[in-house]
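Student: I have a structure to go through and a list of questions. Can we take them one at a time?

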Amino acid sequence: AGSIIEVSGRTDGIWYNDYQYRVIGDLEIQEGDTLIIEPGTTVLFMGQYEMEVYGSLIAVGTEQDSIHISSGQAIKSPTDWSGIDIRDTNNDNIREVVFQYCDISYGGIDNNGMITGYYVDSLNIKILNSHLHHTYGHAIYTTFSDITLSDSKISYWGTNAFNIQYPENAEISYNEIISPPEYGASNKVG
């Protein structure tokens, strides 16, 4: 990544791989808006900020050019940034949330997830070919939300690798879950 762009507040459009994006305040993708993150883009959270998603978030990298979403701190900790919070709207059936070939790390400051979805019942959150690691709580936490978690790796979590409660549809396949030494392999789908 070349130049640095500092971002906070409402965001949409395209984040290009020519830049490193530094998050300096909470982010919000509003209902009806779309944020596309290009392959090879780096997003660094510079504090305990979160990304609230009411619109569409399309973060699709490639096998050779992943998207990196992480802490911007010199010495990283699993509590450096809050997480990505996918929120319920009246238009869940016409929006899209996809993480593919993403490396997401050092986030999730409480027992919720680094990626969280609450009551997002008409939207299928897709996490494909990605690596989620070094989180304080759950890497993924959803309640009454549909999810596809496939061909991904989850390592170094605090509470559970994932906690998926009451989904109408959940497809979890071909993932590698590596238990941190201090916890057993604990996951919940119910």
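Student: Is Arg87 buried, partly exposed or exposed?

Tutor: First, some ground rules. This is a predicted model, where local features need pLDDT of at least 70, side-chain atom pairs count only at pLDDT 80 or more, and totals for chains, interfaces and linings use all residues. Residues are numbered from 1 along each chain as its sequence is written, and side-chain values use heavy atoms, with hydrogens and water left out. Buried means under 20% relative accessible area, exposed over 50%, and partly exposed in between (1.4 Å probe, protein chains only). Arg87 has 24% relative accessibility, so the class is partly exposed.

Student: How many salt bridges does a search of the whole structure find?

Tutor: A salt bridge is a side-chain nitrogen of Lys or Arg within 4 Å of a carboxyl oxygen of Asp or Glu. The whole structure was searched, and the count is three.

Student: Which residue forms a salt bridge with Glu52?

Tutor: The N to O distance in this salt bridge is 3.0 Å, and the partner of Glu52 is Arg87. Strands (E, at least two residues) and helices (H or I, at least four) are DSSP runs, numbered from the N terminus. Glu52 lies in strand 6 (residues 50-53) and its partner in the loop between strand 9 (83-86) and strand 10 (97-100), so the pair ties together parts 35 residues apart in sequence. Glu52 is buried at 17%, and the residue asked for is Arg87.

Student: Which residues are linked with Asp85 in a network of salt bridges?

Tutor: Asp85 is buried, with a relative accessible area of 9%. Asp85 forms a salt bridge with Arg87, the closest N and O atoms being 2.7 Å apart. Arg87 also meets Glu52 in a salt bridge. The network therefore links Asp85 with Arg87 and Glu52.

Student: Which residue forms a salt bridge with Arg10?

Tutor: The closest N and O atoms are 2.7 Å apart, and the partner is Asp33. The pair links distant parts of the chain, 23 residues apart: Arg10 in strand 1 (residues 3-10) and the partner in the loop between strand 3 and strand 4 (34-37). Arg10 is exposed at 52%.

Student: Why is the pair of Tyr119 and Phe144 stacked?

Tutor: The ring centres are 4.9 Å apart, and the planes meet at 15 degrees, so the pair counts as stacked. Tyr119 lies in the loop between strand 12 (113-118) and strand 13 (124-128), and Phe144 in the loop between strand 15 (138-143) and strand 16 (146-150). Tyr119 is partly exposed at 46%. The angle that answers your question is 15 degrees.

Student: Which residue forms a stacked aromatic pair with Phe144, at 5.1 Å centre to centre?

Tutor: Phe144 is partly exposed, at 36%. In this second pair, the planes are 25 degrees apart. The partner lies in the loop between strand 18 (162-165) and strand 19 (170-173), 22 residues from Phe144. The residue is Tyr166.

Student: Which residue in strand 11 is the bridge partner of Ile69?

Tutor: Two strands pair if DSSP finds at least two bridges between them. Strand 8 (residues 67-71) and strand 11 pair in the parallel sense over three bridges. Both faces of strand 11 (residues 102-105) are covered, with Cys102 and Ile104 buried on one side and Asp103 and Ser105 on the other. The partner of Ile69 is Ile104.

Student: Which residue in strand 14 does Ser105 stand opposite?

Tutor: Strand 11 also pairs with strand 14 (residues 131-133), in the parallel sense over three bridges. Opposite Ser105 stands His133.

Student: Which residues does Ala170 touch, not counting residues up to four places away in sequence?

Tutor: Ala170 lies in strand 19 and is partly exposed at 38%. Contact means heavy atoms within 4.5 Å. The residues touched are Ile147 and Ile164.

Key. Rings of Phe, Tyr and Trp (its six-membered ring) pair if their centres lie within 6.5 Å; planes under 30 degrees apart count as stacked, over 60 as edge-to-face and the rest as tilted.
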